[in-house]
Amino acid sequence: MFKKWRNTPNKKYLNIVIMIIIIVSILFALGIVILKYHVEGETNMPFELAKIAVISNSEGIDKQATNTKWAFDIYQSNDIFLYIDKNSAYGKTEAIKTVVIDNIQIEANKKDNIKLYKPDEKEEKSIFKNQEENEIKTLEYKGDIESNLKQLKISNQGGLVALRCSINNLAQYQSNDEEINHHELLKKAGVKEEDLKIKLTFDLTIKLEQAKEYKTTISLDLPVGNIIEEGTTSKEITDVKDFVFKR
């Protein structure tokens, strides 16, 4: 009797300890899964961000000259192209409903001069035009049979979306030269590198017809390359593993 009474509390304590160990193990495993998802995000999405291409350029807008042959208002633009490809290893058929760019944040010395633009639907010779009607705060491309940048359409099986980040009224330049090389405008106008630096951050969300959403945050340092010396520069970002998508 006494021996049975003595062992009963020990069994209770042992059961409690085992239960605590089980709970701690479950919480630890759950924590590992959550941490892994936080770091790696979705590992098998139906559509993937394949690469990002950036073209940085400078241009001068003619204005009425008074004492000189030429007079320009100079702006510096960064055209950003996001390539979204279908994941052939996904194994199921999905369709893009929309691709949304929002929550846009800008860090720059000349922040008040910076505008974001969508592609110009009417312009035939170029994709973008710095017009007030093209200014955006957010941007949405709708899924369709075929992609059309001008009409803000992306193929529902993957395609291209684009936006422009531009520093307007950056500088003025006047000249009596016979010809003007627009690639040299930044240098001739005495624009400094720190006046051009932009940290552009935005959310990219891929929404599917099947009510699934995948979101990542993209941060870009603009412009790319030595644009003051070269006039036009470009860069392709193919290592996109740091842009983690989550549901």
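**Sheets, salt bridges and backbone exceptions in a predicted model**

Two strands count as paired if DSSP finds at least two bridges between them. The structure is a predicted model, in which local features need pLDDT of at least 70 and side-chain atom pairs count only at pLDDT 80 or more, whereas totals for chains, interfaces and linings use all residues. Residues are numbered from 1 along each chain as its sequence is written, and side-chain values use heavy atoms, with hydrogens and water left out.

K142 stands opposite K153 in strand 6. The side chain of K153 also meets that of D144 in a salt bridge at 3.4 Å, N to O, a salt bridge being a side-chain nitrogen of Lys or Arg within 4 Å of a carboxyl oxygen of Asp or Glu. K153 is partly exposed, with a relative accessible area of 27%, and D144 is partly exposed with a relative accessible area of 27%; buried means under 20% relative accessible area, exposed over 50%, and partly exposed in between (1.4 Å probe, protein chains only).

The structure holds nine salt bridges. One of them joins the side chains of K212 and E94 at 3.1 Å, N to O. This pair links distant parts of the chain, 118 residues apart: K212 lies in the loop between strand 8 (198-208) and strand 9 (213-222), and E94 in the loop between strand 2 (70-86) and strand 3 (96-108). E94 counts as buried because its relative accessibility is 5%. A salt bridge is also formed by K129 and E123, at 3.7 Å, N to O. Here K129 is partly exposed at 34% relative accessibility, and E123 is partly exposed at 21%.

A further open sheet has five strands in the order 4-7-2-1-10, and the pairing is antiparallel. Strand 4 (114-117) and strand 10 (233-237) each have a single partner strand, so one side of each is left without a neighbour in the sheet. The twist averages 15° from one strand to the next. Strand 1 (residues 47-62) pairs with strand 2 in the antiparallel sense over 15 bridges, and the bridge partner of A53 in strand 2 is F81. K51 lies over the face of Y83, at 4.7 Å from the ring centre; this requires NZ of Lys or CZ of Arg within 6 Å of the ring centre and within 35 degrees of the ring normal.

Most residues other than glycine have a negative phi, and most peptide bonds are trans. N103, in strand 3, has a positive phi near 50° and is partly exposed at 43% relative accessibility. A211 has a positive phi of about 65°; A211 is placed in the loop between strand 8 and strand 9 and counts as exposed at 72% relative accessibility. A cis peptide bond joins L222 and P223, with omega about -10°. P223 lies in the loop between strand 9 and helix 4 (227-230).

Methods
Helix = DSSP H or I, 4+ residues; strand = E, 2+ residues; numbered from the N terminus. Axes fitted to C-alpha atoms, helices over the stretch in contact; angles between N-to-C directions.
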